[in-house]
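Dear colleague,

Please find below the structure that I am handing over to you. My notes on what was found in it follow directly after.

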Amino acid sequence: MELFSQKVKPSELQKGDHVYTWRKSMYTHHGIFVGEGKLIHMVNPKADGILHFSTASKSWISSGGRKKEKTPCATSDCGLEKVAGNGVRVTCIECFIKKGSLYRFKYEASREFLVAKLRGGTCTTARSDPPEEVIHTATYLLENGYIEYDLINNNCEDFALYCKTGLWSKDIGYQGRSSQANMVHSTKRENKDLGLRKDVVKVAVEELSSFRLSLSL
Ligand SMILES: [Zn+2]
């Protein structure tokens, strides 16, 4: 079983890839590769860093933050956020990776693969949409805005998962689709995998706002 084969070089990336990088060996940050050396990803606009669930300390930890941020990188558009405060931004590969490595999130993983993975947030049994659709969704959310960042219900992994699959939960009380959310829900990861959940439906990005509104009515 190819458990450790998810590491990729930036040159190997393909448009529409969902990638992640480990930060401080404790948590992952996720994004969608859209070509031309850029990724679209979601950050916590309040912390402006990455706030993640640490499996090591079993708590949320934050890194970065606007004040600590170094001078912006020279790559055009790097760090650009089209809807202010939205948290969805474009970043160059180098700034996304920082000092870590890049890994490709695996789709259509087998249940065996899913269970064998020691840490969540690296694979799903769900199927990925075609690359052009993935890029369309990510770009649409960058340009038109997205929903508020939420550690449990809408973090960077949820954003990438939605871009890749278009799957959204009908269950208003349980929106978080990422493994990090599932750690908080503390149930067996296997049952909570996006590809195995029964409460998720395909929602086109143009329909997302009205769909969410219909849930809350
Ligand atoms: Zn950059």
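Strands and helices in these notes are DSSP runs, numbered from the N terminus: strands are E runs of at least two residues, and helices are H or I runs of at least four. Arg 23 lies in strand β2 by this assignment.

Please note that this is a predicted model, in which local features need pLDDT of at least 70 and side-chain atom pairs count only at pLDDT 80 or more, while totals for chains, interfaces and linings use all residues. Residues are numbered from 1 along each chain as its sequence is written, and side-chain values use heavy atoms, with hydrogens and water left out.

Overall description

The protein has seven helices and ten strands. Of its 217 residues, 49% count as buried, where buried means under 20% relative accessible area, exposed means over 50%, and partly exposed lies in between (1.4 Å probe, protein chains only). The accessible surface is about 11,000 Å², and carbon and sulfur atoms account for 53% of this area; accessible areas come from the Shrake-Rupley method with a 1.4 Å probe, and for residues only the protein chains shown count as cover. Among contacts (heavy atoms within 4.5 Å) between residues at least 6 apart in sequence, 63% join residues at least 24 apart.

The sheet

Six strands form an open sheet in the order β1-β8-β2-β3-β4-β7, with antiparallel pairing; two strands pair if DSSP finds at least two bridges between them. The edge strands are β1 (7-8) and β7, each of which pairs on one side only.

Strand β3 can be described from both of its neighbours. Six bridges join β2 (residues 18-23) to β3 in antiparallel fashion, and Tyr 20 stands opposite His 30 of β3. β3 and β4 form a hairpin with two residues between them, and Glu 36 in the turn has a positive phi of about 50°. Nine of the nine residues of β3 are buried, so this strand is largely enclosed by the rest of the structure.

Arg 23 in β2 counts as buried because its relative accessibility is 7%. Its C-alpha atom is separated by 6.7 Å from that of Gly 100, 77 residues apart along the chain.

The nonpolar cores

A nonpolar core is taken here as a set of buried Ala, Val, Leu, Ile, Met, Phe, Trp, Tyr and Cys residues joined through side-chain atoms within 4.5 Å. The largest has 23 residues, of which Ile 40, Leu 141, Tyr 146, Phe 159, Tyr 162 and Trp 168 touch the most other members. At least two residues of this core come from each of β3 (27-35), β4 (38-42), β7 (88-92), α3 (131-144), α4 (156-165) and α7 (208-216). The largest share, five residues, is supplied by α3.

Leaving aside neighbours within four places in sequence, Tyr 146 is in contact with residues including Met 42, Val 88, Leu 141, Phe 159, Trp 168 and Leu 208. A second, separate core has nine residues, among them Val 8, Phe 33, Ile 93 and Leu 102.

The zinc site

Which atoms coordinate the zinc ion? The donors are the SG atoms of Cys 73, Cys 78, Cys 92 and Cys 95, at 2.2 to 2.3 Å. Donors are defined as N, O and S atoms within 2.8 Å of the metal (3.2 Å for Na, K and Ca); water is not among the atoms, so sites may look incomplete. The four donor atoms subtend angles of 102 to 115°, which makes the arrangement tetrahedral, a class that requires four donors with all angles between 85 and 135 degrees. Along the chain the donors follow the spacing C-x4-C-x13-C-x2-C. Cys 78, in the loop between β6 (59-64) and β7, and Cys 92, in strand β7, are 14 residues apart and link distant parts of the chain. Both Cys 78 and Cys 92 are buried.

Positive phi angles in loops

Asp 77 is not a glycine, yet has a positive phi of about 75°. Asp 77 is found in the loop between β6 and β7 and counts as partly exposed because its relative accessibility is 45%. Lys 98 also has a positive phi, near 55°, and is placed in the loop between α1 (93-97) and β8 (102-104). At 52% relative accessibility, Lys 98 counts as exposed.

Yours sincerely

Key:
Four donors count as tetrahedral if all angles lie between 85 and 135 degrees; four count as square planar and six as octahedral if opposite donors are over 155 degrees apart and all others between 65 and 115; anything else is irregular.
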